[in-house]
Amino acid sequence: MKVTVFGIGYVGLVHAAVLATAGHQVCCVDTNEEKIARLKQGQVPFYEPGLEPLVRDNLAEGRLIFTTDAAEGVAFSNLQFIAVGTPSCTDGSADLRYVLDVASTIANLMEQHQIVICRSTVPVGTNEQVAHRMEQILFERNRRDLTFDVASNPEFLKQGSAVADASKPDRIIVGTRNAHTLEVLRDLYAFSNRNHEKMIVMDVRSAELTKYAANSMLATKISFMNEMANLAEKLGADIEAVRKGIGSDQRIGYDFIYPGIGYGGSCFPKDVQALIQIAESCGLDAKVLKAITQRNQEQKRFMLDKISAYFDGKLKGRTFALWGLSFKPNTDDMREAPSRVLMEALWEAGAIVQAYDPQAMEEAQRLYGHREDLVLCGTKETALRDADALIICTEWKAFHAPDFDLILNKLKTPVLFDGRNLFEPEKMRREGITYYCVGRLTESAQ
Ligand SMILES: NC(=O)c1ccc[n+]([C@@H]2O[C@H](COP(=O)([O-])OP(=O)(O)OC[C@H]3O[C@@H](n4cnc5c(N)ncnc54)[C@H](O)[C@@H]3O)[C@@H](O)[C@H]2O)c1
């Protein structure tokens, strides 16, 4: 089948590459000329495991086309995906500018029946707004002979395992009551339905809400667990034991109940915030969602309080080694990353940060390259040199089994602030390292 995807970011590019791998012909449209120029050379502008080979192969075999020309994209197919960003407005609501721009573009350029699929995460009622905008434009063009359908098909991939998630999705949510659109989408996704039916069909509004509800539920699990970790620490309990104890209950499960220094990324913070706004717009006070956000904001400062207490509030002139800049492992994305809150607070207090990340160094350079109090280090070992302490912000695999002798030798003081609970407190004691983590029984927590 022929498909067009508008918005070639994390979601659009992975979606396009996976569809092309299944044999579809995909035209990828983005307004960012530099991005499209790089993609035409087979270069993926961000880090996502397994994505670049897929892009290169499909590009070479002519199943992926990249363009900035919207007219080419609209004429290419009669199935148009919208996968542009929906960032937060200042009040927390989702900014629909880019989604509606694409809707306008399609309506202005279409010359045949179009199925428009919203893949971006959008508030309930957005698909109706897209349809309304398109109707208006077709009316102005005096082309009411042209027909279209708008359907919702939200994306559920996770950065870091996006290719695998999109290739073998747990579910494909489709919001439509249109039999033809449904048939087209069944054909499109036939490759992922072979093992069993993944498609869950519902009305458009429910599909839109499903995406926000899923992200908010996951954020809830994390914030709840962080609150339990803080409580465990106060009570002299061990959150790791509690985690295993509750995870064994099938109704709770082991996934997404790791305590830490808060969630980040481009989705959870913005989507929970947008859902709060959606609730408010219909007169509902989303008390649970507000609490989740507040706990997360406080949790990002959790280690800072421990660091400050350890050094008696005297952080000025100190140097901190920091491992892990991305908001989670296997991505170079630093949007809303806990590392940023921590670094910015340390700089505010007059400290210097020596940072290392396996993939996010370029992004850190782009965001903070101008700062003299940030030293970006080529290896995790060089980041340790003469630092007053080591801080771990992201649970990259490369940090799970470090050389503890080297840590002891290179740090000025053998103290480790671990925001991801990577190590056993007992082992750290044996290694001679003063260890702080989240919600565990450590000598330092007592
Ligand atoms: N990143 C994730 O993990 C993830 C997961 C699920 C859903 N989502 C949702 O998917 C959507 C896209 O997210 P993303 O992370 O891919 O965003 P992104 O910022 O990485 O990419 C968006 C792209 O859209 C392009 N764009 C903007 N206006 C355009 C236009 N008029 N025509 C063509 N291209 C245009 C931008 O240049 C950019 O390349 C958001 O709604 C997001 O909430 C994201």
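This is a predicted model: local features need pLDDT of at least 70, side-chain atom pairs count only at pLDDT 80 or more; totals for chains, interfaces and linings use all residues.
Q: Into which domains is the protein chain divided?
A: The chain is divided into domain 1, covering residues 2-202, domain 2, covering 212-298, and domain 3, covering 300-445. Taken over C-alpha atoms, the centres of domain 2 and domain 3 are separated by 23 Å.

Q: How many residues of domain 2 are in contact with domain 3, and which elements give two or more residues to that side of domain 2?
A: The size of an interface is often given as the accessible area lost when the parts come together. Here we can look instead at contacts, and 19 residues of domain 2 are in contact with 20 residues of domain 3. On the side of domain 2 that touches domain 3, the elements giving two or more residues are α9 (204-235), α10 (239-247) and α12 (287-299). The largest share of that side, four residues, comes from α9.

Q: Which residues touch the most other members of the largest nonpolar core?
A: In soluble globular proteins, nonpolar side chains tend to be buried together. The largest nonpolar core in this model has 121 residues, and Leu 390 and Ile 391 touch the most other members. Helix α1 (residues 10-21) gives the largest share of this core, namely nine residues. If we leave aside neighbours within four places in sequence, Ile 391 is in contact with Met 303, Phe 320, Ala 321, Leu 322, Leu 342 and Phe 417.

Q: Which residues of helix α8 are buried, and which exposed residues does the face turned away from them carry?
A: In α8, which spans residues 179-188, the buried residues are Thr 181, Val 184, Leu 185 and Leu 188. Seen down the helix axis, the buried residues of α8 fall within an arc of 95°, and therefore they line one face of the helix. The face of α8 turned away from this buried side carries the exposed residues Ala 179, Glu 183 and Asp 187.

Q: Where does Gln 25 lie, and which residues is it in contact with once its neighbours within four places in sequence are left aside?
A: Gln 25 lies in strand β2, which spans residues 25-29. Leaving aside those neighbours, Gln 25 is in contact with Lys 2 and Arg 63. Gln 25 and Lys 2 are 23 residues apart in sequence, yet their C-alpha atoms are 4.8 Å apart in space. Gln 25 has 17 other C-beta atoms within 10 Å, and so it is partly exposed.

Q: Where do Asp 312 and Asp 386 lie, and are they buried or exposed?
A: Most residues other than glycine have a negative phi. Asp 312 is not a glycine, although its phi is positive, at about 55°, and Asp 386 likewise has a positive phi of about 55° without being a glycine. Asp 312 is placed in the loop between α13 (302-310) and β9 (319-323), while Asp 386 lies in the loop between α16 (380-384) and β12 (389-392). Asp 312 counts as exposed because it has 7 C-beta neighbours inside 10 Å, and Asp 386 is exposed with 10 other C-beta atoms within 10 Å.

How values were computed. Residues are numbered from 1 along each chain as its sequence is written. A nonpolar core is a set of buried Ala, Val, Leu, Ile, Met, Phe, Trp, Tyr and Cys residues joined through C-beta atoms within 7 Å. A residue is buried if 20 or more other C-beta atoms lie within 10 Å of its own, exposed if 12 or fewer, and partly exposed in between; C-beta atoms are placed from the backbone. Two residues are in contact if their C-beta atoms, placed from the backbone, lie within 7 Å. The arc is that of the directions from the helix axis to the C-beta atoms. Domain bounds come from an automatic or database domain assignment.
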